[in-house]
Every structure is written in C-alpha cells, then in structure tokens.
Amino acid sequence: MSEKGTRLENKVAIITGAASGFGEGMAKRFAEEGARIVVADLNAKGAERVAGEIGDKAIWTQTDVSQRSEFDEMVYAATSAFGRIDIMVNNAGYTHRNGDMLDVDETTFDLITAVNMKAIYHAARAVVPIMERQGGGVILTTASTAGLRPRPGLTWYNASKGWAITATKSMAVELAPKNIRVNCLCPVAGETGMLEKFMGADTPEIRERFRASIPLGRLSTPLDIANAALWLASDEAAFITGVALEVDGGRCI
C-alpha cells in the first residue's frame with residue numbers, strides 16, 4: 001500500500017462487499033489513512049484475502065447483508081475486535097443482467113431489493129444505536145448514477161438505487177441531531193464483478209459504447225470511488241450530510 005495518512009486515524013469502519021471491486025478499494029484506502037477495517041462479504045475467501053493484505057488492522061467476516069442476524073454477528077465481531085464503530089459503508093450490491101425488465105424473475109428481483117435496499121435498513125438498526133452512544137458516526141452507501149439518470153435495460157436495479165438515494169437523504173435529516181452523517185456515492189459503471197451484467201455482454205463494442213457516454217472518457221476505478229468515500233467518511237466532510245455524490249466522469253450532466 002502507498003504512504004500512510006491519518007485522515008481516519010482511530011476510526012473503525014465496517015465495509016460490506018469488501019472482498020473485491022469498490023469495497024476492496026475502500027477497505028485498503030481507509031486502512032492507508034489509519035482506520036481499522038471490518039472486511040465483510042458473502043465471499044469468505046475473498047474477504048480473508050483482503051483482510052490479510054491489509055494486515056493486523058483488519059478482520060474479516062462472512063456476511064449475507066440480506067439477513068439481520070448476520071448483520072448482528074458482523075457488528076458483534078467489529079465491537080469485540082475494535083471496541084467501537086465509526087463508519088458503516090453499505091457497499092454490497094446486486095443486479096440483474098441488462099435486458100427487458102419483464103424478463104427479470106421474481107427471485108432475482110427479491111435479491112436485488114434485499115441486498116440494495118433492505119440491507120440499508122438492517123445496517124441502520126444495527127449501528128445507529130452504537131453510533132448514538134458514541135456521540136456520532138458516518139453511514140455511507142454505494143448507490144449509482146443509475147439512481148439519478150436511469151436508462152433502459154436495468155430498470156429494477158435503477159429503482160433500487162433510487163430508493164437508496166432517497167433513504168440516504170431522509171436518514172440524514174432524521175439522524176442529524178444524533179451527529180450521524182449519512183451520504184451516498186453514485187459511481188458510473190466500473191471495473192467490478194457486476195460490470196458484465198450491467199453491459200449485458202462484455203465485448204469491445206459494448207465497452208466502447210459505455211465509455212463514450214462518459215465525458216472524461218473512461219469507466220470508474222475502485223480508487224476513484226475509494227477516494228470519494230474517504231473524503232465523505234473523514235472529518236474533512238464534517239458539514240456534509242444527505243449528499244448523493246456523483247463519481248462519474250461527468251456521466252450525469
């Protein structure tokens with residue numbers, strides 16, 4: 001990892017979906033700035049790898065964010081290891097393949113809503129009481145440009161991210177008196193495990209079409225998202241709450 005900073009010194013961050021992609025980028029970037037990290041993911045092998053690469057300031061948990069009981073186990077692991085929770089990053093996500101909205105079966109729809117929506121509810125119920133006792137905290141969700149400027153082919157995923165953005169804003173207002181800031185990131189498509197589903201198929205032609213829709217001319221990277229998340233999670237953003245930050249190379253303009 002690169003030269004260490006102190007922007008998250010003595011902070012404890014739980015990051016879901018942290019075994020790869022944006023979540024892995026956030027976990028490693030936060031650790032570089034002094035945070036202790038709970039690497040949470042359904043993929044136990046990947047979570048163990050990321051925590052191992054971070055070192056002794058990280059632990060890992062195998063967590064299905066659609067299940068409240070597993071959230072409770074994750075929070076227990078975090079508080080047992082580190083004594084507190086300062087930052088909760090709802091990064092785990094799921095999508096259907098790009099295509100006709102009527103072709104998405106109910107099982108897939110239910111999984112999208114459980115992972116992209118209900119997990120935010122589970123997270124709030126699990127960590128808000130802890131943060132309130134501590135005197136404050138930060139909740140950060142990975143939403144999407146799809147929730148701001150939806151396009152055909154990902155209708156139910158788009159809708160789930162729009163829900164996440166509205167939930168972020170409403171939570172921010174309600175939790176402000178508790179000194180809990182709530183924000184979300186809206187990344188454009190990036191090099192993650194879900195990219196192929198977002199595109200429908202992974203071909204040079206389709207990739208070029210996606211890139212052409214982004215004024216800065218490239219897809220997002222985990223580091224792009226991690227740096228934006230780092231700022232929102234840090235005390236530098238102490239007066240920022242209820243924001244849906246576009247990290248999209250101009251895609252939403």
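The predicted model holds 1 aromatic pair, where rings of Phe, Tyr and Trp (its six-membered ring) pair if their centres lie within 6.5 Å, and planes under 30 degrees apart count as stacked, over 60 as edge-to-face and the rest as tilted. The ring centres of Phe-109 and Trp-156 lie 5.7 Å apart with the planes at 85°, so this pair is classed as edge-to-face. Distant parts of the chain are linked by the pair, Phe-109 belonging to helix α4 and Trp-156 to helix α5, 47 residues apart; helices (H or I, at least four residues) and strands (E, at least two) are DSSP runs numbered from the N terminus. Because the model is predicted, local features need pLDDT of at least 70 and side-chain atom pairs count only at pLDDT 80 or more, whereas totals for chains, interfaces and linings use all residues. Residues are numbered from 1 along each chain as its sequence is written, and side-chain values use heavy atoms, with hydrogens and water left out.

Helix α4 (residues 106-134) also meets helix α3 (residues 68-82), their axes coming within 10 Å and crossing at roughly 35°; axes are lines fitted to C-alpha atoms, for helices over the stretch in contact, with angles running from 0 to 180 degrees between N-to-C directions. The contact (heavy atoms within 4.5 Å) brings Arg-68, Phe-71, Asp-72, Val-75 and Thr-79 of α3 against α4 residues including Ala-119, His-122, Ala-123 and Ile-130. By class, this contact has 7 nonpolar, 2 polar and 3 charged residues, where Ala, Val, Leu, Ile, Met, Phe, Trp, Tyr, Cys and Pro count as nonpolar, Asp, Glu, Lys and Arg as charged, and the others, Gly among them, as polar.

The largest pocket holds about 1000 Å³ of space and is lined by 46 residues, with Gly-93, Tyr-157, Thr-192, Met-194 and Phe-198 nearest its centre. Elements giving two or more residues to this lining are α1 (21-32), α4, α5 (155-175), α6 (195-199) and α7 (204-212), and the lining comprises 22 nonpolar, 17 polar and 7 charged residues.

The second largest pocket holds about 210 Å³, and among its 14 lining residues Lys-11, Gly-136, Gly-137, Val-138 and Asp-235 lie nearest its centre. Its lining has 4 nonpolar, 5 polar and 5 charged residues.

The structure holds 1 cavity of 30 Å³ or more, with about 80 Å³ of space in the largest cavity. Of its 13 lining residues, Asn-90, Ala-92, Val-115, Asn-116 and Ile-120 are closest to the centre, and α4 gives the largest share, 4 residues.

Terms used. 1 Å grid on protein atoms, 1.4 Å probe; cavity = no way out; pocket = protein on both sides within 12 Å on 5 of 7 lines; lining within 4 Å. Points joined across faces, edges and corners; volume = space filled by probe spheres on them.
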